[in-house]
Amino acid sequence: MPPESEVQIPTSTVTAQALSIALEHPPVVVDLSVSCQDYPQHQLDERSPDYRLGIILSNLLKYGVWLATAIVLLGGILYLVRHGMEPVNYHIFQGEPDMFRSPAGVIDAVLSGRRRGIVQLGLLFLIATPVLRVLVSFIFFIKQRDIPYVIITGLVISGLLYSLLGAYF
């Protein structure tokens with residue numbers, strides 16, 4: 001008798017059996033949000049501060065990413081229109097110019113009409129979007145006088161700001 005790993009079962013038989021079992025026992029759909037103990041049993045009121053904060057943060061993230069994407073796309077198109085046919089030499093490493101290593105340098109590059117500066121500005125907006133989200137949450141928690149969340153969000157915002165601006169001070 002061959003080992004179980006070598007036993008060949010016709011695929012059509014397995015498929016037919018699985019189909020008949022699935023038809024005999026329809027799937028059971030359970031609403032877990034009602035039976036879960038950690039989930040609130042009531043819907044948030046549209047006038048509640050938590051609901052409004054959720055809407056504000058949702059819109060902030062959504063429109064911030066869209067704005068950053070549009071700026072990067074515009075800068076990329078303008079860059080390729082001007083420099084798209086230039087030959088590229090990958091044998092020599094050329095780092096980022098100094099003007100693109102700080103937010104002030106990026107703004108100067110944009111104001112002077114450099115297309116790479118526009119792309120970099122879009123990337124700065126992309127980085128600033130979640131930082132701004134944490135800052136808005138921090139202000140909201142201060143207004144609500146929710147001390148534990150003020151402390152936690154304050155630690156998060158201080159860590160973010162230190163990591164972003166620590167090299168310049």
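Alanine 70 is found in helix α3. With a relative accessible area of 43%, alanine 70 is partly exposed. The model is a predicted one, and the points below are grouped by topic.

**Overall composition**

- The protein contains six helices and zero strands.
- Read from the N terminus, the order of elements is α-α-α-α-α-α.
- Of the 169 residues in the protein, 15% are buried.
- The accessible surface of the protein is about 13,900 Å², and carbon and sulfur atoms account for 66% of that surface.

**Helices α3 and α5**

- Two packed helices are described by the angle between their axes and the distance between the axes.
- For α3 and α5, the axes come within 6 Å and cross at roughly 170°.
- An angle over 145 degrees counts as roughly antiparallel, and α3 and α5 are therefore roughly antiparallel to each other.
- The residues of the contact between α3 and α5 comprise 23 nonpolar, seven polar and five charged.

**The largest nonpolar core**

- In soluble globular proteins, nonpolar side chains tend to be buried together.
- The largest nonpolar core here has five residues in all, namely Leu53, Leu57, Phe140, Phe141 and Val150.
- At least two residues of this core come from each of α3 (49-83) and α5 (115-144).
- Phenylalanine 140 is in contact with Pro49, Asp50 and Leu53, when its neighbours within four places in sequence are left aside.

**Further residues of helix α5**

- Glutamine 120 has its place in helix α5. Buried means under 20% relative accessible area, so glutamine 120, at 19%, counts as buried.
- Not counting residues up to four places away in sequence, glutamine 120 touches Glu96, Phe100 and Val106.
- Proline 130 is also placed in helix α5, and at 40% relative accessibility proline 130 counts as partly exposed.
- The C-alpha atoms of proline 130 and glycine 64 are separated by 8.6 Å, while the two residues are 66 residues apart along the chain.
- Leucine 135 lies in helix α5 and is partly exposed, with a relative accessible area of 37%.
- From C-alpha to C-alpha, leucine 135 and glycine 154 are 8.5 Å apart in space, and they are 19 residues apart in sequence.

**The loop between α5 and α6**

- Arginine 145 is located in the loop between α5 and α6 (147-165).
- Most residues other than glycine have a negative phi. Arginine 145 has a phi near 60°, a positive value in a residue other than glycine.
- The threshold for an exposed residue is over 50% relative accessible area, so arginine 145, at 70%, counts as exposed.

Terms used
Residues are numbered from 1 along each chain as its sequence is written. This is a predicted model: local features need pLDDT of at least 70, side-chain atom pairs count only at pLDDT 80 or more; totals for chains, interfaces and linings use all residues. Side-chain values use heavy atoms; hydrogens and water are left out. Helices (H or I, at least four residues) and strands (E, at least two) are DSSP runs, numbered from the N terminus. Buried means under 20% relative accessible area, exposed over 50%, partly exposed in between (1.4 Å probe, protein chains only). Accessible areas come from the Shrake-Rupley method with a 1.4 Å probe; for residues, only the protein chains shown count as cover. A nonpolar core is a set of buried Ala, Val, Leu, Ile, Met, Phe, Trp, Tyr and Cys residues joined through side-chain atoms within 4.5 Å. Contact means heavy atoms within 4.5 Å. Axes are lines fitted to C-alpha atoms, for helices over the stretch in contact, and angles run from 0 to 180 degrees between N-to-C directions. Angles under 35 degrees count as roughly parallel, over 145 as roughly antiparallel, 65 to 115 as roughly perpendicular and the rest as oblique. Ala, Val, Leu, Ile, Met, Phe, Trp, Tyr, Cys and Pro count as nonpolar, Asp, Glu, Lys and Arg as charged, and the others, Gly among them, as polar.
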